[in-house]
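Let's take a walk through a protein chain together, one region at a time. Keep the viewer open so that you can find each place as we reach it.

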Amino acid sequence: MGKPLVSIACLTYNHEKYIKDAIEGFLSQKTEFDYEILIHDDASTDRTADIIRRYEIKYPNKIYGIYQRENQLSKIIEDGNMLQDYLYPVCKGKYIALCEGDDFWIDPDKLQMQVNYLESHPECAAVCHDAVCIDCRDATIYPIHPYFGEKYLTNEEVIIQYRGDVPTASMMYRRDAICMDKFFMQGGLGDYAHELYAITKGKIYFSSRIMSVYRAMHEGSWTMTHSSDIEKGIMLRGKVLNFLRRYDAYTKGEYHHAIVYKESLFVLDSIYLCRNLDVYEIENIIRRCNVQTENQYKEFLTRMEMVYKQMYVEEYYPALMKTFAEKYSRIYIWGAGKFGQRVARQLLNHSKDFEAFIVSEPSGQKVMGKPVVGLDEVPYPAEDVGIIIAVNIQNWDEIRGYFEKNGEFHYIYPYGVTEIM
């Protein structure tokens, strides 16, 4: 075999039940070029390494195994990364395709199609595609559909991931789009960090063709571990949030609003993990997380606790809202639904009245005895008016754009806590 055009990089650990599917998917590729398969086994305790060795013997010029005697993931220090440390240095290809040992490819034309696109579009740093997911708890199969239609992803879409993650097994990168600066290896989610680095090098193209399968929620999987262990799940999100703050500085604030939006989603996602816990239990978890991380994620954890109380604790009255409400003589609440009514009760329970609710399409009705008006119906000078935004994060992102464009009213968003402008 000549020098491979593509290197397939596969990380695996205790994937005895699945690794054969992954390898067969690699071998099934029909290409006009040579490609190599590099598989890193992280000291599996089952028969994963034995299966890889059998394939390596059968395909000595195609498959290359890297076998650890001790598990390396458990020993990785803060700036370590499995792909960066063990696979990328030995990849020979111009392009690198990713697939973990519990996922697999189902389209024999996948590599050829992705290479064709990258070869003919030099502005493109990476390509990806749609996939299906198998939920191993009940064998449910469904399409992932992170995006609809063939398209270049906007940088905001890559950062925010409105409909969820791009499947890791769908990604192919130019080699120079994965040689990441050191701090990217501290991001907590390796595939996410790869994507954020790639958009600093070029565009990412998405194909709606389903060409791989993602296995979720099997025993020992990343998804199962981080959904069942609340503390581990929360600390991971804190780690990614810290990375996003550094990425914001790295990109000189170019994607700041998308990053802030993503941070808010991480806060809400962490709250969802704690959905069956009471305030006392959450406070204890946050305390333990701070101790374990030496307060490294304290800002994130404090924000999470504040948003949780804002959403669920009737008597809660955050200091930022109290200070804001006392600063302006006329207070309005944007949003008349459950979020807005929660804010209203918090104000009234602490002897602070407000003028009205604001909605985008008022119909003359009243809520909690207060009028519901449009922003253009506010009769007072903007400098006297404070508006408390009380909507969900999706609606807030749209509303924020309006306020930034017009810039006349003062406002806060307590459901995001740090969104004070």
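Predicted model: local features only at pLDDT ≥ 70, side-chain atom pairs only at ≥ 80, totals over all residues.

**The whole chain**

With those terms in hand, the secondary structure of the chain comes to 14 helices and 16 strands. Along its principal axes, the C-alpha atoms fill a box of roughly 80 × 45 × 40 Å. The chain has 421 residues, and 54% of them count as buried. Take the contacts between residues at least 6 apart in sequence: 73% of these join residues at least 24 apart.

**Two loops with a positive phi**

Start with alanine 139, which sits in the loop between strand 6 (124-135) and strand 7 (140-143). Its phi is positive, about 65°, although alanine 139 is not a glycine. Is alanine 139 buried or exposed? Alanine 139 is exposed, with a relative accessible area of 53%.

Asparagine 295 also has a positive phi, near 65°, and is a residue other than glycine. You will find asparagine 295 in the loop between helix 10 (279-292) and helix 11 (298-312). With a relative accessible area of 43%, asparagine 295 is partly exposed.

Now look at helix 2 (residues 48-58), where Thr48, Ala49, Ile51, Ile52 and Tyr55 are buried. They lie on the same side of helix 2 because they cover an arc of only 160° around the axis. On the face of helix 2 turned away from the buried side, you can find the exposed residues Ile57 and Lys58. What covers the buried residues of helix 2? The cover includes strand 1 (6-12), helix 1 (19-27), strand 2 (35-41) and strand 3 (63-67).

Helix 6 (residues 190-198) is mostly covered, with seven of its nine residues buried. These buried residues are Tyr192, Ala193, His194, Glu195, Leu196, Tyr197 and Ala198.

**Cysteines without a bond**

How many disulfides does the structure hold? The count is zero. Cysteine 124 is one example of a cysteine in no disulfide: the nearest cysteine sulfur, that of cysteine 128, is 8.6 Å away. For comparison, a disulfide needs two cysteine sulfur atoms within 2.5 Å. Both cysteines are tucked away from the surface: cysteine 124 is buried with a relative accessible area of 1%, and cysteine 289 is buried with a relative accessible area of 0%.

**A pocket**

Next comes the second largest pocket, which holds about 190 Å³ of space. Its lining is made of Trp334, Gly335, Ala336, Gly337, Val359, Ser360, Val391, Asn395, Glu398, Ile399 and Tyr402. Which element gives the most to this lining? The answer is helix 14 (residues 393-406), with four residues. By class, the lining has six nonpolar, four polar and one charged residues.

Arginine 342 lies in helix 13 (residues 338-349). Arginine 342 counts as buried, because its relative accessible area of 12% is under the 20% cut-off. Leaving out residues up to four places away in sequence, arginine 342 touches Gln310, Met311, Tyr312, Val313, Glu314 and Tyr415.

Tyrosine 317 is in the loop between helix 11 and helix 12 (319-327), and at 16% relative accessibility it counts as buried. With the residues up to four places away again left out, tyrosine 317 touches Lys322, Ala325, Gln346, Leu347, His350 and Lys352.

Each of these two residues can also be paired with a residue elsewhere in the chain, as the table shows.

| Pair | Apart in sequence | Apart in space, C-alpha to C-alpha |
|---|---|---|
| Arginine 342 and cysteine 99 | 243 residues | 46 Å |
| Tyrosine 317 and arginine 163 | 154 residues | 33 Å |

How values were computed
Residues numbered from 1 in each chain as written. Heavy atoms only, no water. Buried < 20%, exposed > 50% of the residue type's maximum accessible area, 1.4 Å probe, protein only. 1 Å grid on protein atoms, 1.4 Å probe; cavity = no way out; pocket = protein on both sides within 12 Å on 5 of 7 lines; lining within 4 Å. Points joined across faces, edges and corners; volume = space filled by probe spheres on them. Nonpolar A, V, L, I, M, F, W, Y, C, P; charged D, E, K, R; others polar. Arc of directions from axis to C-beta. Contact = heavy atoms within 4.5 Å.
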